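Subject: Structure handover

Hello,

Here is the structure I promised to pass on. Please have a look at it first; my notes on what turned up follow below.

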Amino acid sequence: MTVTALSDPVLGELRQILGDEHVLTGKADRLNRARVPAPFPVHRWAERLPDLVVMPGSTEEVAEVLKLANRLRVPVVPRDGGTGLTDGAVPLRGGILVDVKRLNHIKDLDLDNRTCTVGTGINALKLNERLAVHDLIYPDDPASYPCSLVGGRIGTSGWSLIGSRYGHTRDLVLSFDHVLPSGQVIHVGDGIGRKITKSSSGYQLKHLFMGHQGTLGIATEATLKLFPKPEAEFSPFWAFSDYADAYRCVGLLARAGVATFAGAVLFDEWKVAYLRRDDEAYIPQPSSVKALVCAALYGYADEVEAGGRRLMRIARDAGARYLGDEISQGDWAARHDRYATPLHGRTKSGQVAPMSWHCEDASINYTNLPSVRLAWHEIADRLRRESDVFDDWGMFAYTNGATGADYLTEIDIGIWEQRLDDRTWAAWVRAKRDLAAVALAHGGSISACHGSCREGEVDLVPQELGGGFEVMLQIKRALDPHNIMNPGKYLLDQAYGAPS
Amino acid sequence: MKYRRSEEMSPPPAVPVTDVAITRFEHVYEVAPELMTEHVLQQEFPNWDTLRLVHSRADHLAWMHRHFAHTVVSGEELLHELDG
Ligand SMILES: Cc1cc2nc3c(=O)[nH]c(=O)nc-3n(C[C@H](O)[C@H](O)[C@H](O)COP(=O)(O)OP(=O)(O)OC[C@H]3O[C@@H](n4cnc5c(N)ncnc54)[C@H](O)[C@@H]3O)c2cc1C
């Protein structure tokens, strides 16, 4: 579909609904919303252009846009910060891109019930600057903290660095207004309550309308849980001379049951080798440093100090060497904002090359981390042998919860996006499928945070969900009979007769 | 304060730190220049700008700490207590 195909009557009606200035048809407006940070061949970027962009200012306007799109069968793609890493916010079929960034107001701050209600175009960093005046915090803290927004967090059902203490997006969002593909507005939460944390009334619809990557509608206004802003933070980093010791230590820390424990991270040998090239904290480390572990604690100072003392003792007894306050504090602070990471890799000859970042993000049980690590590096090694376009940047494993059952397991791969041609892209898609297959073969989930609708991984979603995938198709067909919401994602075209 | 372009454009001599990194200012590391000759070329930077970048990075990290919590607990002190 081209802009001209959408010109009349769609353009005219949209201008009536939103006002001229909030319907954008310029090339730059569309190009700026044609991609996300996940690497994709530059020569194909034009395939993902929306026909036009709208910036609604209220739930009612979003509803009117969806009614129109539903009536005229025009594809609609919701977009917030555009930082998603599974291509959720890029249009595969053109159409209307609904950018929700104007919905960025704080509507209600309820100090007694400790909640706030915001438009889904707001960013947690900006929100927290306002909440700090009341000594409160909304602790949804992805590594994209400065630039991802509440609606995208809902659309992906995101994962938070400090989720082991405060929960992840699904736990922190109490309820929200949601516009269905038909344009009907519903409110979903636990039961109907706006500020209710627990209800057993009816189906639990909140989870259904989170993590759908914009395929089931658009969240416009959300009520969020708030916490006291932590008095103290503690983020020790420790070095180990081998991976096995570091692995054992991270398990002990995560299972220790310390109340202020917000997360622990394990860095493998490949990650340490990568950091030794480019990271000021690790360049000077002795070559005996082969693996790292860190932990983060938040809360009142007396609690954090007591918990910190316990974790320091556990780590020391497990053979850890504390890296000192400067590295520990600096490195943790940098984790909230990985956009600031230098994006370059090395060719096989060691030359610096500009590279974008791919982050695989499976959920894997603790006991399976070592074997997933080996299988994933074998895949990364295969890619690197195939082409200088790929570089293995190593692995992290972050706790998903306070009991240490499973970890967001991440392999970072540098990809020289400007040099991705059709052959290397095909090699990449194959590798993506293989990485996802390893996660499933180990009883894990393909994605802990981003979602799993990129080329390659998406092929295995029916296998991961089993009979649940058929239910997903039925729900999609029932709620979006004309397949207008983000068509082409998650193999959902199968709900309308496309071959599986 | 004086500013002399020739001085600003002459960085202190490089000291190798590892086989892929060098240093010219304390705690500031650079990729070894021979690794930036084909696809990404090293740029000339005035000394003040190098230091400004490093300091503003430090400011950013300090801001992050303040943003998430009022104080930061020292691991060195906790370890000292444990070992004591
Ligand atoms: C450097 C970096 C670090 C990252 N670290 C993390 C991390 O630690 N944890 C994590 O979870 N993710 C992480 N991500 C991925 C990304 O930031 C998250 O997926 C985030 O939730 C996306 O938010 P966004 O506002 O950018 O959404 P977008 O990218 O705009 O959208 C994401 C998806 O949600 C849909 N959507 C957008 N708005 C709405 C809405 N209002 N209603 C319904 N659907 C909507 C879109 O269609 C799309 O499918 C990282 C990304 C980067 C670049």
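About 3,600 Å² is buried between chain B and chain A in this predicted model, and carbon and sulfur atoms give 63% of that area. Buried area here is the accessible area (1.4 Å probe) that two parts lose on being put together, summed over both. H39(B), F68(B) and L82(B) supply 20% of what chain B buries against chain A, more than any other three residues. In terms of contact (heavy atoms within 4.5 Å), 35 residues of chain B touch 48 residues of chain A.

A word on conventions: residues are numbered from 1 along each chain as its sequence is written, while chains are lettered from A and ligands numbered from 1 in the order in which they are written. As the model is predicted, local features need pLDDT of at least 70 and side-chain atom pairs count only at pLDDT 80 or more, whereas totals for chains, interfaces and linings use all residues; side-chain values use heavy atoms, with hydrogens and water left out.

Back to the interface. It has 2 salt bridges, a salt bridge being a side-chain nitrogen of Lys or Arg within 4 Å of a carboxyl oxygen of Asp or Glu. One salt bridge joins the side chains of R309(A) and E81(B), at 2.8 Å from N to O.

On chain B, β3 (28-31), α2 (47-68), β4 (71-72) and α3 (75-83) each supply at least two residues of the side that touches chain A. Helices (H or I, at least four residues) and strands (E, at least two) are DSSP runs, numbered from the N terminus. The largest share of that side, 9 residues, comes from α2(B).

The chains also pair through strands (DSSP must find at least two bridges between them): β12 (residues 232-234) of chain A runs parallel to β4(B), joined by 2 bridges. Within this pairing, E233(A) has V72(B) as its bridge partner.

Now the ligand. It is surrounded by 36 residues, and the closest are P78(A), D80(A), T83(A), S144(A) and Q213(A); near means a heavy atom within 4 Å. A backbone N or O atom of G82(A) lies 2.8 Å from a ligand oxygen atom, and W159(A) likewise places a backbone N or O atom 2.8 Å from an oxygen atom of the ligand. For A219(A), a backbone N or O atom lies 2.8 Å from a nitrogen atom of the ligand.

Finally, chain A has an open sheet of 4 strands in the order β1-β2-β4-β3, with mixed pairing. β1 (23-24) and β3 of chain A stand at the edges with a single partner strand each, so one side of each is left without a neighbour in the sheet. Strand β2 (residues 52-54) of chain A pairs with β4(A) in the parallel sense over 3 bridges, and V54(A) stands opposite V98(A) in β4(A).

Best wishes

Conventions
Polar contact = N/O pair within 3.5 Å; in protein donor to acceptor, adjacent residues only side chain to side chain.
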